[in-house]
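Some labels attached to a structure deserve a second look. The questions below ask what stands behind a few of them.

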Amino acid sequence: MLTDNVYQEERIPTQFERFWRSFRANNLAMFGLWCLVFIALVTVLAPWIAPHDPQAQTGELLLPPSWNPAGTVEYFFGTDDLGRDILSRLITGSQLTFGASLVVTIIAAVVGCLLGIFAGMTRGLLSSTLNHLLDTVMSIPSLLLAIIFVAFLGFGEFNILLAICLALIPRFVRSVYIAVHGEVEKDYIMAARLDGANDFYLLWNSILPNILVVIASEFTLALSIAILDITALGFLGLGAQAPSTEWGAILGDSVELIYLAPWTVTLPGLAIMFVVIVINLVGEGVRRAINAGTE
């Protein structure tokens with residue numbers, strides 16, 4: 001297009017545009033993102049796209065998947081020992097596994113980041129006490145913490161979600177506290193304080209942009225841990241109880257059928273593995289893109 005302007009101004013991309021350009025250049029990250037969008041759509045639309053009632057017991061017991069010569073397309077992933085459609089149970093169970101894990105991780109991230117920022121911006125006895133307390137809590141695995149909380153709160157789906165949320169909060173507090181405390185000690189923060197910048201300005205404009213990598217990395221790891229903890233507690237019988245469609249509970253109910261009907265165990269296990277791998281691919285892409293934008 002012709003223009004009368006002799007001087008062509010170069011448009012500087014925004015921080016989000018630089019991030020998206022770097023993220024889009026990573027093929028594995030984009031593959032993970034599209035898979036994650038697909039999983040999210042399946043989770044949201046699960047009640048409408050499930051081909052059968054997940055709790056309906058048909059007369060087709062232990063029907064193999066459709067790619068087996070004895071299987072049928074009507075029950076694409078086959079049926080379990082009660083004649084329930086495995087595909088419908090996996091689709092519906094995504095709400096109790098992936099959806100619940102996402103909600104729990106978001107709540108834990110918000111609470112943990114706020115506490116970590118408050119601890120990192122303060123000094124003295126409170127900050128030191130919180131630091132040593134978190135060191136002690138972080139030495140205990142999150143699954144063991146969740147089991148301890150479940151022992152006090154009791155069994156049930158809501159209780160395990162609350163227990164996993166409480167077990168994940170110290171991870172965010174610890175990571176954000178270390179990141180914020182490290183940024184506060186840097187020279188550019190001291191120079192900004194000498195210029196009259198207050199704590200809120202420093203936090204919003206200087207500290208938070210530099211710790212986004214830590215938050216993104218911790219959120220991805222926490223989401224994977226939440227999925228694995230929910231499914232592990234369901235498998236052990238401490239979480240979702242039968243006939244729940246939670247993926248860990250499905251594994252726990254079908255584990256004795258592994259030799260007779262291996263698809264009843266391998267398919268839920270593959271679903272858990274696929275979701276965790278996709279989340280880690282997206283998280284690694286986000287970390288690299290943020291680092292590239294910062295550099």
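Rings of Phe, Tyr and Trp, with the six-membered ring taken for Trp, count as a pair if their centres lie within 6.5 Å. The model discussed here is predicted.

Q: Which residues form one aromatic cluster?
A: The cluster is formed by W67, F76 and F77, and by the pairing rule the model has four aromatic pairs.

Q: What makes the pair of W20 and F23 stacked?
A: The ring centres of W20 and F23 are 5.9 Å apart with 20° between the planes, and because a pair needs centres within 6.5 Å and a stacked one needs planes under 30 degrees apart, the name applies. W20 and F23 are three residues apart in helix 1 (residues 15-24), and therefore separated by about one helical turn.

Q: Why is the pair of W67 and F76 called edge-to-face?
A: The planes of W67 and F76 lie at 80°, with the ring centres 6.1 Å apart, and since planes over 60 degrees apart count as edge-to-face, the pair is given that name.

Q: How do you know whether F23 is buried or exposed?
A: The relative accessible area of F23 is 3%, and because buried means under 20%, F23 is buried. W20, with 31%, is partly exposed, whereas W67 counts as exposed at 56% relative accessibility, a value that is over the 50% cut-off.

Definitions and conventions: Residues numbered from 1 in each chain as written. Predicted model: local features only at pLDDT ≥ 70, side-chain atom pairs only at ≥ 80, totals over all residues. Heavy atoms only, no water. Helix = DSSP H or I, 4+ residues; strand = E, 2+ residues; numbered from the N terminus. Buried < 20%, exposed > 50% of the residue type's maximum accessible area, 1.4 Å probe, protein only.
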